[in-house]
Amino acid sequence: MTDIRSRNPGPRNLLAAAVGCVFLLGLVPDANAQLAKKRNERYNQDKQEQSAQDQEEEVAKYPQATRGEPDGEVSRGMRKSLNAMIKAFNADEFAEARTLSAEILADADASAYDKAVAAQIGAHAAYDVDDLPAAMALLQQSIDLDVLDNNDHYGAMLMLAQMQIQEGQEAQGLATLERFLAETKSTDPQHLILKGNTLYNLERWEEAAVATKAAIEASPDADPSWTQLLMGIYLELDRPEEATRIAEQLAARDTSNKQAQINLASIYLQNDQFERAAAVLEKIRASGELSTPDEYRQLYATYLNMEGRESEAIAVIEDGLAKGILQPNYEAYVALAQSYYFSKQDAKAIDAYKKAAPLDEDGETYLNLARVLWQADRIAEAKQAAQQALDKGLDDPEDARRILALP
């Protein structure tokens, strides 16, 4: 008779996906959300009682800008309308502010400067009521008029770029952002990381690496998520050595940061360094911080991808089940069954297969149960399991029929 046991799928075949499904948990954060402020600062919030032409001069935010400072000013006849609009906006009367903005923009007597101010105020009011298409259109109108001072002009440009990226218009947002960077000569890390993250989303890995690395180098206290982003980019570039170096640095910098340790383990797995990955994850488990099903699955799947480490996999699965972190489901039981089987604990493997088989979508687990029962000389039970496998459905019923034909 054909060696039925040899046809039993090994742990690597069954559980390879288990490693992949939890690989790099939370590795690349949503950099856009971190970079975007809760809301852009209200336009002239601290100048509520001043007229539009009497605002005190602000410090130049873009001293290296290639654009000269325009000398535009509010028209005498539009001063009252502009002040009313600003007052409405600062009082959170956004509908009124938008109405007044539209009136100024449509007024034939309004100058280009009047309209640029009105467009920018209208954009902020639209943004505050989540009318993003209108906000973007008004920001673009303000930019195109090209008459506001550099702080407001480039502030509008940056806001537009952020909104375009936020709305999934990465290509347009990147173009706006690159114009902003080219004209302002900004080396602000926040601006550079926005570019790096956008390039990442556009899968322009090499450029993303350059921008992200520049942001990190320009910041004396870079957010760890930026380094994680660079690590993810290096993985996409198939430069695992550089990704590993970053992961090790992050993990060593803060040993209490569980996510950094999880990411390090995941990088090791990417490089087939299972021993190192298991050591990192076991350290987390020993501290009691291995707390999610995915984390437990990552650890036991790591052991099952290593020769002769089934006993450790069993310990992890049983620990997870005992703590209620792993659910008593097909995935846990079949992993437990295979771990027992390949560590030559057939009786326990049979018990685990009996729990897993009814939860399988087809009859394959019943067939594995039948094979193990046959090897244990429990022929009657093996035949019963083989029949259950046939009843539930098999792609290849040959082994089940051989077991049923046993004397």
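How many aromatic pairs does a search of the whole structure find? The search finds six. Rings of Phe, Tyr and Trp (its six-membered ring) pair if their centres lie within 6.5 Å; planes under 30 degrees apart count as stacked, over 60 as edge-to-face and the rest as tilted. The model is predicted: local features need pLDDT of at least 70, side-chain atom pairs count only at pLDDT 80 or more, and totals for chains, interfaces and linings use all residues. Residues are numbered from 1 along each chain as its sequence is written, and side-chain values use heavy atoms, with hydrogens and water left out.

One of the pairs joins Tyr62 and Tyr154 edge-to-face, at 5.7 Å centre to centre and 70° between the planes. Tyr62 lies in the loop between α2 (31-35) and α3 (79-90), and Tyr154 in helix α7 (residues 150-166), so the pair ties together parts 92 residues apart in sequence. Helices (H or I, at least four residues) are DSSP runs, numbered from the N terminus. Tyr62 counts as buried because its relative accessibility is 12%. Tyr154 is buried too, at 0%. Buried means under 20% relative accessible area, exposed over 50%, partly exposed in between (1.4 Å probe, protein chains only).

Tyr62 also pairs with Phe180: the ring centres are 5.6 Å apart and the planes at 90°, so this pair is edge-to-face. Phe180 sits in helix α8 (residues 170-184), 118 residues from Tyr62. Both Tyr62 and Phe180 are buried. Tyr62, Tyr154 and Phe180 form one aromatic cluster.

Elsewhere, Ala215 is found in helix α10 (residues 205-218). Ala215 counts as buried because its relative accessibility is 0%.

Technical notes
Helices (H or I, at least four residues) and strands (E, at least two) are DSSP runs, numbered from the N terminus.
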